[in-house]
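Reader: I am new to this one, and I would like to begin with what surrounds the ligand. Could you take me through it slowly?

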Amino acid sequence: SKPTLALIGATGAVGTVMRELVSTRDDVWGEIRLVASARSAGKVLQVRGEDVVVQALAPEVFDGVDVAIFDVPDEVSAEWVPVAAARGAIAIDKSGTFRMEPDVPLVVPEVNPLDARNRPRNIISTPNCTTLSMMAAIGALHAEYTLKELVVASYQAVSGAGVAGPARLYDEIEALAGDRTVGQSAGDVRKALANKLEADSPFPAPIAFNVVPWAGSYKEGGWASEELKLRNESRKILGIPDLKVSATCVRVPVVTTHSLAVHARFEREITVADAHRILEAAPTVVLMDDPANGVWPTPVDVVGTDPTYIGRIRQAVDFPNTLDMFVCGDNLRKGAALNAAEIAELVAAEF
Ligand code: 2RA
């Protein structure tokens, strides 16, 4: 019989995409349960065209569940993922809580699908959306040319911060719309917003008319958590413990779809033609690389779709064995819900 699936965090930004994905992909599931915080319990949401009542997170909701996908804050995962696993579910967790634990696999199905089978704690982690937004493409190049170094700058969409992110961007744009005097002197955007909006924002600076060089929490040495995640997770997924990685993560006024400028050094020489051949053959990657004709990926053309898009591939002039490129991926789909759904489908195939 088909396995039972529970979606924990069903009402969030990723949860909403998750419901859409399980309603439109090959239906490998028996029952699908929706679970959220007590605040959302009792809501009726649609899955596979049917009404489902959202249940409050409690130990009993995991009884009879085969696979539980969690998209909840780190501290909620820390408490409830082990509960689900203890009750016999295989937990697929989107939070940062378990990703770097040695006995928890961190899986991108295009790159390291077999790791999903080695799960002594019945927990599989899915990476941060920034790492995921490039990994299908970078993993394909690594498989043939062996990656040695990655230097990355991210351009991260506001929906990475949850539903509050787009809400704030839309509010700021609305507050500033029509005023053709703002953005021309230091602090005038802040002043204009202060007159019209509450101070509390998910972002540490105005996000409309701006870019913000900070994503996540403060870490030693002045790093943002997001930058260290990109380093540590890339190493683990690719299976290169000593991969050199340095990242700068930046929030930009894009609703959904993270972009990354990637400078990647490989073990041996790789040409643009080599990269094109590999990326064209990668099933979940779309190559958009014809700069003479203005063809490269941008978030507005990518949002709402599944693949990883790549373009602007250049052989670095001054760095041997190195490519520079631009990658875009929908942070809520491949960056979050889709990767979790794909891992869940790998697990479902074992039933
Ligand atoms: C962000 N990567 O974009 C984060 C979400 N986990 O904010």
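**Around the ligand**

Author: A polar backbone atom of Gly 160 is 3.2 Å from an oxygen atom of the ligand, which falls under a polar contact, a pair of N or O atoms within 3.5 Å. Please keep in mind that this is a predicted model, where local features need pLDDT of at least 70, side-chain atom pairs count only at pLDDT 80 or more, and totals for chains, interfaces and linings use all residues. Residues are numbered from 1 along each chain as its sequence is written, and side-chain values use heavy atoms, with hydrogens and water left out.

Reader: Who else is around the ligand?

Author: The surrounding residues, each with a heavy atom within 4 Å, are Asn 128, Cys 129, Thr 130, Gln 156, Gly 160, Ala 161, Glu 226, Arg 251 and His 258.

Reader: Changing topic, which residues does UniProt list as "active site"?

Author: The unreviewed entry lists Cys 129 and His 258, although such annotations may be inferred rather than shown by experiment. They are spread over 130 residues of sequence, yet they cluster in space, with a largest C-alpha distance of 7.9 Å. Cys 129 belongs to helix α3, residues 129–145, helices here being DSSP runs (H or I) of at least four residues and strands runs (E) of at least two.

Reader: What about "binding site"?

Author: That annotation, also from the unreviewed UniProt entry, covers several residues, including Gly 12, Arg 39, Ser 159, Gly 160 and Asn 331.

Reader: Where is Gly 12 found?

Author: Gly 12 sits in the loop between β1 (5–8) and α1 (13–24).

Technical notes: Polar contact = N/O pair within 3.5 Å; in protein donor to acceptor, adjacent residues only side chain to side chain.
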